[in-house]
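Please keep the sequence and the three-dimensional view at hand while going through the numbered points.

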Amino acid sequence: HARRAAELKAMAEFVLHLYSATQYERIEGVESFVAEDPSGSFGVMANHARMLACLDFGLARFRKADGTWEFLALPGGVAYFRDNELRLSTRRYFRHRDLQRARGELEEQIRAEEQDLREIRNGLARLERDMLRQLWKSMRPAGGVP
């Protein structure tokens with residue numbers, strides 16, 4: 001009976017692969033995964049049909065066989081489930097058992113990305129000004145009188 005119970009338990013679990021630009025983790029014994037895509041929240045359990053989803057910027061979570069939940073803060077990504085394995089690919093992720101810590105990481109990530117966007121916008125504005133200045137100079141007559 002113990003062997004059959006172990007087999008049934010293994011059938012109710014899947015493997016989660018986490019990929020980022022700098023990290024890889026293989027997590028066995030996952031019972032469920034919950035995330036959000038543009039259509040809303042969805043969940044995956046063992047033996048789910050093959051699926052592909054583009055994840056939104058935010059928090060995802062998964063429950064391990066021991067009943068504990070873990071949280072992933074991520075800037076979007078792609079989730080692909082096939083052959084009882086879920087592959088999640090993202091630029092980067094933060095994995096925590098503590099929901100508040102995961103939220104904190106996500107908020108920090110949002111702040112950092114907003115700062116990056118501000119810097120990019122400022123750089124583009126400077127580039128545009130410099131280009132207009134060069135264009136203006138090139139259109140002036142050689143004698144210096146416009």
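1. A strand, as the word is used here, is a DSSP run of type E with at least two residues, and strands are numbered from the N terminus. Val-78 lies in one of these, strand β5. Please note at the outset that the model under review is predicted.

2. On the overall layout: the protein chain contains two helices and seven strands. Read from the N terminus, the order of its elements is α-β-β-β-β-β-β-β-α. The chain has 146 residues, and 32% of them count as buried. Among contacts between residues at least 6 apart in sequence, 51% join residues at least 24 apart.

3. On Phe-33 in particular: which residues does Phe-33 contact, leaving aside its neighbours within four places in sequence? They are Phe-14, Phe-42, Gly-43, Val-44, Ala-60, Arg-61, Phe-62, Leu-72, Leu-86 and Leu-88. Gly-43 counts as partly exposed because its relative accessibility is 41%, a value between the cut-offs of 20% and 50%. Beyond its neighbours within four places, Gly-43 is in contact with Phe-33, Val-34 and His-48. The C-alpha atoms of Gly-43 and Ser-32 are 6.9 Å apart, while the two residues are eleven apart in sequence.

4. On Val-78: this residue of strand β5 is partly exposed, with a relative accessibility of 34%. Residues up to four places away in sequence not counted, Val-78 touches Leu-52, Ala-53, Arg-87, Leu-88 and Ser-89. Leu-88 is ten residues from Val-78 along the chain, and 5.7 Å separates their C-alpha atoms.

5. On the largest pocket: its volume is about 200 Å³. The elements that give two or more residues to its lining are β2 (24-37), β4 (51-64) and β5 (69-82). Strand β4 gives the most, with seven residues. The lining consists of 14 residues, and those nearest the centre of the pocket are Val-34, Ala-35, Glu-36, Leu-59 and Ala-60. Sorted by class, the lining has nine nonpolar, two polar and three charged residues.

6. On Thr-90: the residue is found in the loop between β6 and β7 (94-96). Is Thr-90 buried or exposed? Its relative accessibility is 10%, and therefore Thr-90 counts as buried, the cut-off being under 20%. Neighbours within four places set aside, Thr-90 is in contact with Tyr-19, Ser-20, Ala-21, Leu-74, Pro-75, Gly-76 and Gly-77.

7. On His-96: this residue belongs to strand β7. His-96 is buried, since its relative accessible area is 10%. Residues up to four places away in sequence not counted, His-96 touches Glu-70, Phe-71, Arg-101, Ala-102 and Glu-105.

8. On backbone angles: most residues other than glycine have a negative phi. Asn-47 is not a glycine, yet its phi is positive, at about 65 degrees. Asn-47 is placed in the loop between β3 and β4, and its relative accessible area of 53% makes it exposed. Asp-83, also a residue other than glycine, has a positive phi near 55 degrees. Asp-83 lies in the loop between β5 and β6. With a relative accessibility of 61%, Asp-83 counts as exposed, because the cut-off for that word is over 50%.

Conventions:
Residues are numbered from 1 along each chain as its sequence is written. This is a predicted model: local features need pLDDT of at least 70, side-chain atom pairs count only at pLDDT 80 or more; totals for chains, interfaces and linings use all residues. Side-chain values use heavy atoms; hydrogens and water are left out. On a 1 Å grid over the protein atoms alone, a cavity is a set of points where a 1.4 Å probe fits but cannot get out, and a pocket is an open set with protein on both sides within 12 Å along at least five of seven lines; lining residues have an atom within 4 Å of a point. Grid points are joined across faces, edges and corners, and a volume is the space filled by probe spheres set on the points. Helices (H or I, at least four residues) and strands (E, at least two) are DSSP runs, numbered from the N terminus. Ala, Val, Leu, Ile, Met, Phe, Trp, Tyr, Cys and Pro count as nonpolar, Asp, Glu, Lys and Arg as charged, and the others, Gly among them, as polar. Contact means heavy atoms within 4.5 Å. Buried means under 20% relative accessible area, exposed over 50%, partly exposed in between (1.4 Å probe, protein chains only).
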